Each structure stands twice: as C-alpha cells, then as structure tokens.
Amino acid sequence: MAYAYDDQNIFAKILRGEIPNKTVLDTEHTLAFHDIAPQAPEHVLVIPKGAYVNFDHFAQAASEAEIVDFTRAIAAVCKELGVEPGEGGMGYRLLANSGEAGVQEVPHLHVHVVSGRPLGRMLQKQ
Ligand code: AMP
C-alpha cells in the first residue's frame with residue numbers, strides 16, 4: 001500500500017475550514033455534512049478527519065479510535081436522518097467509491113449515506 005494524500009482536495013479544504021459545509025455531525029475524528037449535489041432526498045457524506053485517501057487506506061492505517069469513531073458516526077448519521085430500519089426508518093445505502101473503477105472524484109475517504117426514496121438496484125446492469 002502506497003498512498004500519497006493530496007492535501008489540496010476539496011474535503012481537506014472543508015476540514016481546514018477554508019470552504020463551508022452544511023455539518024450534520026462533528027466528532028473527535030469524523031465530520032459528516034450534506035452532499036452539495038444530492039442524488040436522493042437524504043445524501044450525507046461522512047469523512048474521517050485524518051488524511052486517508054480511501055477505505056482500504058483508512059482500514060489499514062487508521063488507529064482503532066479513528067475506526068470506531070468513524071463507524072459510530074455513520075450510524076449516528078443514520079439515526080439523525082431517521083432512516084434506521086430497526087427504528088421504523090425506510091433504510092439507507094452506504095457507498096465508498098474508491099479509485100478508477102469506483103469512479104472516486106475526491107481523493108479523501110468519504111462514505112455516502114443515501115436515503116429518502118427507493119434506491120433501486122445496487123449496480124446498473126451493463
Ligand atoms: P465521489 O464521486 O464518491 O468521489 O463523490 C464525491 C462527492 O462529493 C459528490 O457526491 C459531490 O457532489 C460531493 N462534493 C463535491 N464537493 C463538495 C462540497 N464542497 N461539499 C459537499 N459535497 C461535495
């Protein structure tokens with residue numbers, strides 16, 4: 001694993017407070033904010049505050065405290081949105097696009113939390 005982190009990516013700028021965001025949740029190691037171009041009625045991005053390019057980078061290099069905080073933050077966002085199936089919510093989908101095949105646009109790990117309408121199949125058939 002050899003990842004070079006680009007600290008000029010847009011989420012790094014959000015974390016430094018250089019550009020605004022609509023914050024949903026802010027914890028010691030994690031920030032969640034509304035996607036600027038939502039693809040569903042609910043579309044929140046959850047990012048670690050550390051400099052991780054994608055999920056495998058994070059999973060291998062982050063501390064246990066960061067991983068626990070990030071995972072719990074995703075669940076807290078689902079709770080905040082009221083979409084947890086176990087609580088009567090309509091459900092949700094998590095997505096973490098990575099690299100070229102995943103069509104990742106911003107090279108800082110982000111998990112998309114999407115909900116608010118039926119989301120269809122997981123992947124389009126080719
Ligand atoms: P991905 O294709 O998985 O890298 O997704 C990048 C996401 O970041 C897209 O859904 C964009 O709409 C979103 N995005 C880009 N710039 C911003 C921004 N300044 N604030 C919030 N979301 C953003």
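**Entry 1: the shell around the ligand**

I sorted the shell residues by type and found nine nonpolar, five polar and two charged. In this sorting, Ala, Val, Leu, Ile, Met, Phe, Trp, Tyr, Cys and Pro count as nonpolar, Asp, Glu, Lys and Arg as charged, and the others, Gly among them, as polar. The model is predicted, with local features requiring pLDDT of at least 70 and side-chain atom pairs pLDDT 80 or more, while totals for chains, interfaces and linings use all residues. Residues are numbered from 1 along each chain as its sequence is written, and side-chain values use heavy atoms, without hydrogens and water.

I then noted which of the 16 residues around the ligand come nearest: Asp35, Asn97, Glu105, His110 and His112.

**Entry 2: elements of the shell**

I looked up which elements take part. Both α1 (10–15) and β2 (30–34) supply at least two shell residues each, and the largest share, three residues, belongs to α1. Helices (H or I, at least four residues) and strands (E, at least two) are DSSP runs, numbered from the N terminus.

**Entry 3: polar contacts and cover**

I searched for pairs of N or O atoms within 3.5 Å, called polar contacts. A ligand oxygen lies 2.8 Å from an N or O atom in the side chain of His110. For Val106, a polar backbone atom is 3.0 Å from an oxygen atom of the ligand. The protein covers 87% of the 500 Å² of accessible area that the ligand has on its own, by the Shrake-Rupley method with a 1.4 Å probe.

**Entry 4: an aromatic pair**

I recorded that Phe11 and Phe33 form an edge-to-face aromatic pair, 5.5 Å centre to centre with 75° between the planes. Ring centres must lie within 6.5 Å; planes under 30 degrees apart count as stacked, over 60 as edge-to-face and the rest as tilted. Phe11 lies in helix α1 and Phe33 in strand β2, so the pair ties together parts 22 residues apart in sequence.

How values were computed. Near = heavy atom within 4 Å. Polar contact = N/O pair within 3.5 Å; in protein donor to acceptor, adjacent residues only side chain to side chain. Phe/Tyr/Trp six-rings, centres within 6.5 Å; stacked < 30°, edge-to-face > 60°.
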